[in-house]
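Me: Please set out the architecture of this chain as a series of questions and answers.

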Amino acid sequence: APVVAVVGRPNVGKSTLVNRLIGRRQAVVEDVPGVTRDRVPYDANWNGRRFTVVDTGGWEPDAKDRARAIADQAEIAVQTADVVVFVVDVTVGATDVDEAAVKMLRRSAKPVILVANKADNQTLEIEATSLWSMGLGEPYPISALHGRGSGDLLDAVLDAMPPAPPIIDGGPRGPRRVALVGRPNVGKSSLLNKLSKEERAVVDSVAGTTVDPVDSLVEMGGEVWQFVDTAGLRKRVKTASGTEYYASLRTAGAVEAAEVAVVLLDSAEPISEQDQRVLTSVVEAGRALVIAFNKWDLVDADRRYYLDKEIDRELRRLPWAIRVNISAKTGRAVDKLAPALHRALDSWEQRVSTGALNQWLTALTQATPHPVRGGRAPRLLFATQAGVAPPRFVLFTTGPFDAGYIRFIERKLREEFGYEGSPIDISVRPRK
Ligand code: GDP
């Protein structure tokens, strides 16, 4: 959904205005000057159009420390917003701080709607016209407290939004949740932008689902996918104080919220420890995995040779991962992502019947028994698939199994039943 950021100095009435915009009178915390407040998103709806209102702390450009952090938050909010509502207190008029905010807003090049708040009576409403001098176009006089003028304001906000995208049905269970992760600069935001543009529809509303405002809906292969926790991924945000905001620092959260992860690697760079950590976090969270080698447009014959060796060496522990070689820049093979994600998700949710599992596993463990330990070879008694997403198997045995033997069973399970793109979990319960 489009994002509307509400910014302004402390005490100009932002919180009251946010309450007006979202149509309830609750929850929104009042400004406390100098107290850090994160950008808080609220769902709103006007004339059937859904959008997200982001409430920010009071913007004070030259303040120190905590107030600085609030200003940073406000700038991030502006840079990730589709429309900015800039609130000025008409009883005070435009202050130096307001003028400084105008500069920041100009830099952002976002559509800005100037609100002259606290225009509680006609005299103040007329007073509001003096704010034309701020150079932000027509000031909207409103009284957030009494509700005066908020309808006109909402109309203006809607007019300034990008046009509503088509509604696409995400299917009976809603769109699949994807985490787009990888170290900084591998091209996550480039890919997300590419996907949103190529397939055109960043979908606004999907039948039967609620989409968190920090997520993005993207159409791939005629279907809607929910890319989770992408706020801040579309744009690299740099604030005045030089703080860079990377969504990639929140890999763990995105992976947890997703069903399948696309781990982006930079084909032009060696596979790094940081890449390995991202891969590990996906496997440990038990999510389906697609590895996308991005920047494939930079891979020449030479690099190809070394890359193949590197992949053999560095990704040996993940022979089951699905690989695609893409370029977010040229769009190469980006259409391979959706089928790859489906294959991984199918594996992730695959179920093997207890009968088939036991028949096959009994034969396997009889043909290749566990090595003798302490004079005996522990045997399999019974196996069952205890769950899916990812597939989890429990083996009841006469004694503990070696890690090596469990790996052998996993390899054979994969050969027999697939599981391409999904981790699988095997636990052994020795009989007491
Ligand atoms: P993020 O930090 O993972 O979001 O990475 P960005 O999307 O900001 O990309 C980092 C840099 O890599 C930018 O300069 C991009 O233009 C560049 N880039 C991204 N994808 C590709 C690609 O497929 N090919 C090439 N040559 N450059 C790319």
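Me: Across which strands does helix α10 lie, and at about what angle does it run to β13?
Reply: This is a predicted model, in which local features need pLDDT of at least 70, side-chain atom pairs count only at pLDDT 80 or more, and totals for chains, interfaces and linings use all residues. Residues are numbered from 1 along each chain as its sequence is written. Helix α10 (residues 337–348) lies across β7, β8, β9 (223–227), β12, β13 and β14, where helices (H or I, at least four residues) and strands (E, at least two) are DSSP runs numbered from the N terminus. With axes as lines fitted to C-alpha atoms, for helices over the stretch in contact (C-beta atoms, placed from the backbone, within 7 Å), and angles from 0 to 180 degrees between N-to-C directions, helix α10 runs to β13 at about 155°.

Me: In what order do the six strands of the open sheet follow one another?
Reply: Two strands pair if DSSP finds at least two bridges between them, and the pairing in this open sheet is mixed. Its edge strands, each pairing on one side only, are β8 (216–220) and β14 (322–325). Neighbouring strands are turned by 30° against each other on average, direction ignored. The order is β8-β9-β7-β12-β13-β14.

Me: Which residue of β13 is the bridge partner of Leu-265?
Reply: Strand β12 (residues 260–266) and strand β13 (residues 288–294) pair in the parallel sense over seven bridges. Helix α8 (residues 273–284) lies across both, and across β7 (176–181), running at about 170° to β12. The bridge partner of Leu-265 in β13 is Phe-293.

Me: Which helix gives the most to the shell around the ligand?
Reply: The ligand is surrounded by 16 residues (C-beta atom, placed from the backbone, within 6 Å), the closest being Gly-187, Lys-188, Ser-189, Ser-190 and Lys-329. With three residues, the greatest contribution is that of helix α6 (residues 188–198).

Note on methods. Contact = placed C-beta atoms within 7 Å.
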